[in-house]
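Student: I would like to learn how to read a protein model feature by feature. Could we go through this one slowly, with each general idea placed before the case?

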Amino acid sequence: MAELQIPEDFCHNDVKPTGKTSHADGENFHWIWGEGRTDGAAFSNEDVKAAYEARGEKQVPLGIHGTTVAVDWDSCVAAGSCMSVCPVQTFQWYRTEKDIPAEKCLGETFEGTGLTEQDERLDYTDKSQPIREHDCTVCMACQEICPEGAIRIESANQEWHEKAAGTYVLMSSGSENPHAHD
């Protein structure tokens, strides 16, 4: 397993997301965290650099997409290994649904109809988008297989996702469980 590129506390405490990408179901979305960085593997990978040049697009820092299923788009080199092992198709190649520059994903809504197989990316500018982050079973297979360590799976980060969304509810000891049935 490659060394993880995403810090354990990337979304904790007073950190605020820089934006979000929504799922067209109107309920689910994933946060985008940080301004990104230029020292990620995607900035030194020759295939990625050549693909950006062929498209005439400038490669820019993109940040971390997702919270419980976090993908560092600055380290993602479009290997697609995560897609080959995910049992619930958490990921899609974002460009196979919307062929737009990656920095334009901020604020976009996706249907979740992008391709989900390892070699179906349009080119190496494509990124593994955790469009179905909410379906993740926390099997950890994607984190373990990612050649660049660009994925961090942490279900405990759901708290920080909810805090950023303003939906977090702290359950105190002895309080009534709002999910309990009579």
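Student: Over which ring does the charged end of Lys-163 sit?

Tutor: Before the case, please keep in mind that this is a predicted model, in which local features need pLDDT of at least 70 and side-chain atom pairs count only at pLDDT 80 or more, while totals for chains, interfaces and linings use all residues. Residues are numbered from 1 along each chain as its sequence is written, and side-chain values use heavy atoms, with hydrogens and water left out. A charge sits over a ring if NZ of Lys or CZ of Arg is within 6 Å of the ring centre and within 35 degrees of the ring normal. Here the charged end of Lys-163 sits over the ring of Tyr-168, 4.9 Å from its centre. Lys-98, in turn, lies over the face of Phe-110, at 5.1 Å from the ring centre.

Student: How many aromatic pairs does a search of the whole structure find?

Tutor: Rings of Phe, Tyr and Trp (its six-membered ring) pair if their centres lie within 6.5 Å; planes under 30 degrees apart count as stacked, over 60 as edge-to-face and the rest as tilted. The search of the whole structure finds three such pairs. One of them joins Phe-10 and Trp-33, with 6.1 Å from centre to centre and 90° between the planes, and is edge-to-face. This pair links distant parts of the chain, since Phe-10 is in the segment before strand 1 (19-23) and Trp-33 is in strand 2 (residues 29-33), 23 residues apart. Strands (E, at least two residues) and helices (H or I, at least four) are DSSP runs, numbered from the N terminus.

Student: Are Phe-10 and Trp-33 buried or exposed?

Tutor: Buried means under 20% relative accessible area, exposed over 50%, and partly exposed in between, with a 1.4 Å probe and protein chains only. Phe-10 is buried because its relative accessible area is 9%, and Trp-33 counts as buried at 2%. The rings of Phe-29 and Trp-31 have centres 5.0 Å apart and planes at 80°, so this pair is edge-to-face. Trp-31 is also buried, with a relative accessible area of 11%.

Student: In which sense do strand 1 and strand 2 pair?

Tutor: Two strands pair if DSSP finds at least two bridges between them. Strand 1 and strand 2 pair in the antiparallel sense over four bridges, and Ser-22 stands opposite Phe-29 in strand 2. The two strands form a hairpin with five residues between them, and Gly-26 in the turn has a positive phi of about 80°. Strand 1 also runs parallel to strand 6 (residues 109-110), to which two bridges join it, and there the bridge partner of Ser-22 is Thr-109. Four of the five residues of strand 1 are buried, so that it is mostly covered.

Student: Which strands pair with strand 4?

Tutor: Strand 3 (residues 64-65) is joined to strand 4 by two bridges and runs antiparallel to it, with Val-71 as the bridge partner of His-65. Three residues lie between these strands in a hairpin, where Gly-66 in the turn has a positive phi of about 105°. Strand 8 (residues 151-153) pairs with strand 4 in the antiparallel sense over three bridges, and Ala-70 stands opposite Arg-152. Val-69 and Val-71 point one way from strand 4, Ala-70 and Asp-72 point the other way, and all are buried.

Student: Which residues of helix 1 are buried?

Tutor: In helix 1 (residues 46-55) the buried residues are Val-48, Ala-51 and Tyr-52. Seen down the helix axis, they fall within an arc of 100°, so they line one face of helix 1; the arc is that of the directions from the helix axis to the C-beta atoms. The face turned away from this buried side carries the exposed residues Glu-46, Glu-53 and Ala-54. After helix 1 comes Gly-56, whose phi is positive, near 75°.

Student: Where is Cys-76 found, and with which residues is it in contact?

Tutor: Contact means heavy atoms within 4.5 Å. Cys-76 is found in the loop between strand 4 and helix 2 (81-85) and is buried, with a relative accessible area of 10%. Leaving aside neighbours within four places in sequence, Cys-76 is in contact with Ala-42, Val-71, Lys-127, Ser-128 and Ala-150. Ser-128 lies in strand 7 (residues 128-129) and is buried, at 2% relative accessible area.
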